[in-house]
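The sequence and coordinates are shown first, and the discussion follows.

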Amino acid sequence: MAALATAEVCDSNAALLMSGELRVLQPIFHIYGQCRAFSGPIVTLKVFEDNVLVRELLETRGEGRVLVIDGGGSMRCAIVGGNLAQLAQNMGWAGIVVNGCIRDVDEINGCDIGVRALACHPLKSNKKGVGEKHIPVYIAGAFIREGEWLYADSDGILVSKSELSI
């Protein structure tokens, strides 16, 4: 699936932006992975310094979806690393957006997947299996719900209530 240019989407969808059906995430994420532009339906996850549920979701068929992880903005450890990014690529996920940290940046940058995160951190996360799947999350100034669509490129990240076309 070809990714849409986020600037062009914003320019041609003023009514959706005004209504809130299309939201622009705050520009707080760094770009990782080989896919600088990606899009797909959203799967949500809320965890804190624990990546057991991240692995569980990424072990399922991605089918071009985007995993949006609300990691609470933690800067104390990474919740996605090179192994999980490779797993996501192998399972057909389009991308991962992490409201938190990643690690193994060189490995992730070698993966054919799009990754956005707040920062990188060398410390791995806990393994307790605590968190919530498939719930609305609030990240970068916007509510994000399961089944909505995410569009990311070098200019930023958009979330839409429905699939967009130009």
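Asp 104 belongs to the loop between β6 and α5, and its phi is positive, about 60 degrees, although the residue is not a glycine. Helices (H or I, at least four residues) and strands (E, at least two) are DSSP runs, numbered from the N terminus.

This is a predicted model, in which local features need pLDDT of at least 70 and side-chain atom pairs count only at pLDDT 80 or more, while totals for chains, interfaces and linings use all residues. Residues are numbered from 1 along each chain as its sequence is written, and side-chain values use heavy atoms, with hydrogens and water left out.

Glu 63, in the loop between α3 and β4, also has a positive phi, near 50 degrees, and is a residue other than glycine. Glu 63 is exposed, with a relative accessible area of 58%. Most residues other than glycine have a negative phi.

## Strand pairing

Strand β7 (residues 114-120) has 6 of its 7 residues buried, so the rest of the structure largely encloses it. Two strands are said to pair if DSSP finds at least two bridges between them. Strand β2 (residues 30-32) pairs with β7 in the antiparallel sense over 3 bridges, and Tyr 32 has Val 115 as its bridge partner in β7. Strand β6 (residues 95-102) pairs with β7 in the parallel sense over 6 bridges; here Val 98 stands opposite Ala 117.

In β4, 5 of 5 residues are buried. Val 66, Val 68 and Asp 70 point one way from this strand, and Leu 67 and Ile 69 point the other way. β3 and β4 pair in the parallel sense over 5 bridges, with Ile 69 of β4 as the bridge partner of Leu 45.

A nonpolar core is a set of buried Ala, Val, Leu, Ile, Met, Phe, Trp, Tyr and Cys residues joined through side-chain atoms within 4.5 Å. The largest such core has 25 residues, of which Val 54, Leu 58, Leu 67, Ile 69 and Val 80 touch the most other members. Two or more residues each come from β3 (38-46), α3 (52-58), β4 (66-70), β5 (78-80), α4 (82-90), β6 and β7. Another core, of 18 residues, lies apart from it and includes Ala 94, Ala 140, Ala 142 and Val 159.

Contact means heavy atoms within 4.5 Å. Not counting residues up to four places away in sequence, Leu 67 touches Val 43, Leu 45, Val 54, Leu 57, Leu 58, Trp 93, Gly 95, Ile 96 and Val 97. In α4, the buried residues are Gly 82, Leu 84, Ala 85, Leu 87 and Ala 88; they pack against α3, β5, β6 and α5 (105-109).

The structure holds 1 cavity of 30 Å³ or more. A cavity is a set of points, on a 1 Å grid over the protein atoms alone, where a 1.4 Å probe fits but cannot get out; lining residues have an atom within 4 Å of a point. About 30 Å³ of space lies in the largest cavity, the volume being the space filled by probe spheres set on the points, which are joined across faces, edges and corners. Its lining consists of Glu 49, Gly 71, Ser 74, Cys 77, Ile 79, Gly 100 and Cys 101.

Methods. Buried < 20%, exposed > 50% of the residue type's maximum accessible area, 1.4 Å probe, protein only. 1 Å grid on protein atoms, 1.4 Å probe; cavity = no way out; pocket = protein on both sides within 12 Å on 5 of 7 lines; lining within 4 Å.
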